[in-house]
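Thanks for coming. I have one structure to go through, so please look at the screen.

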Amino acid sequence: MATVLSISVPFFAIIFLGMFTRAVGFFQRADARTLSKFAFYVTVPPMLFVNLADKDPAQMLNWGFIWRFELATLIILVSSAIIARRLFSLSRSEGGMYGLNASYPNYGYMGIPLGILTFGDAAAVPLAVILFVDSVLLFGFAAIAVSGRGTSWVGTLASVLRTMAKNPFLIAIAASLVFSASGLQMPVLIDRMLSMLADAATPVALFALGVTVFGQSLQSSIGELLGISLFRLILHPLLIALLFLGLPGVDPLWVKVAIMSACLPVAANVFVVADNYGAYGVQSASATLVTTIAASLTVPLYLYWVLSL
């Protein structure tokens with residue numbers, strides 16, 4: 001347990017430090033946006049690139065890993081959306097965004113730093129696979145959920161592809177795979193600069209997350225928030241564990257990374273997506289805040305379990 005606490009306590013302490021600075025007025029909403037953009041565009045992409053550039057691109061074609069993880073995610077996504085529509089009388093688009101909250105963990109600001117910190121550089125490959133494939137599935141579902149009946153599939157697909165093409169994490173993954181396949185050596189000066197940015201990724205991303213989520217509203221029903229928290233923090237990681245441990249055949253490290261990734265709180269950019277589509281935006285902000293705080297208790301328990309596997 002000491003190992004888990006040595007990882008999780010500093011990790012969440014930086015998030016809460018960000019919340020504290022926002023609470024006392026040291027950082028404002030505009031500052032939170034600047035910090036988030038710095039983490040999203042400047043520090044986390046180099047972290048991904050540096051940790052993937054020396055890996056074999058063929059490792060990402062792990063179909064056994066992909067179908068297990070995405071099946072669990074799809075089950076959580078669809079079942080939570082259907083249940084929420086019936087229990088809380090949500091519209092189709094609101095139900096879709098509810099499902100996105102329930103199934104989309106915070107890979108970017110939490111999953112990548114926590115995975116590499118806990119399991120080492122080797123965790124970058126399964127994290128990249130999850131990030132890439134989940135983006136296709138979840139952004140695609142969100143676009144379909146909010147599209148009108150007359151919207152063409154071509155238009156929806158084009159919208160998803162445009163969103164993915166602008167994602168700096170996915171760009172970093174693609175660039176690292178191309179560089180790795182080329183067999184080229186990174187010039188020392190560029191390698192050093194990227195490494196310096198990568199080293200800054202974890203504290204900047206966590207602090208930015210704390211500053212950002214503190215300002216979110218809590219205007220949502222208790223039932224909806226409890227439901228999202230249950231799906232996001234409990235059911236998703238347990239379903240992932242059931243599929244991977246019950247159907248062996250995947251590298252143990254990849255299994256651990258999958259369970260860790262699934263136990264994370266709602267991704268901060270779910271609010272951005274929901275707000276952009278004009279559906280379930282305020283509730284998504286509330287879910288991000290509540291699940292991030294709750295995750296400070298649940299994530300260490302999952303890490304303790306995962307490290308003992």
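At what angle do the axes of helix α4 and helix α10 cross? This is a predicted model, in which local features need pLDDT of at least 70, side-chain atom pairs count only at pLDDT 80 or more, and totals for chains, interfaces and linings use all residues. Residues are numbered from 1 along each chain as its sequence is written, and side-chain values use heavy atoms, with hydrogens and water left out.

The answer is roughly 40°, with the axes of α4 (residues 92-103) and α10 (residues 222-246) coming within 8 Å. Helices here are DSSP runs (H or I, at least four residues), numbered from the N terminus. Axes are lines fitted to C-alpha atoms over the stretch in contact, and angles run from 0 to 180 degrees between N-to-C directions. The pair is therefore oblique, the term for whatever is not under 35 degrees (roughly parallel), over 145 (roughly antiparallel) or 65 to 115 (roughly perpendicular).

Contact means heavy atoms within 4.5 Å. On the α4 side are Tyr98, Asn101, Ala102 and Ser103; the α10 residues they meet include Phe231, Arg232 and His236.

Now confidence, as pLDDT, the predictor's score for each residue from 0 to 100. The chain mean is 86, and 92% of residues reach 70 or more. Confidence is lowest in helix α7 (residues 153-165), at a mean of 70, and highest in helix α11 (residues 252-262), at 96.

Methods
Helix = DSSP H or I, 4+ residues; strand = E, 2+ residues; numbered from the N terminus.
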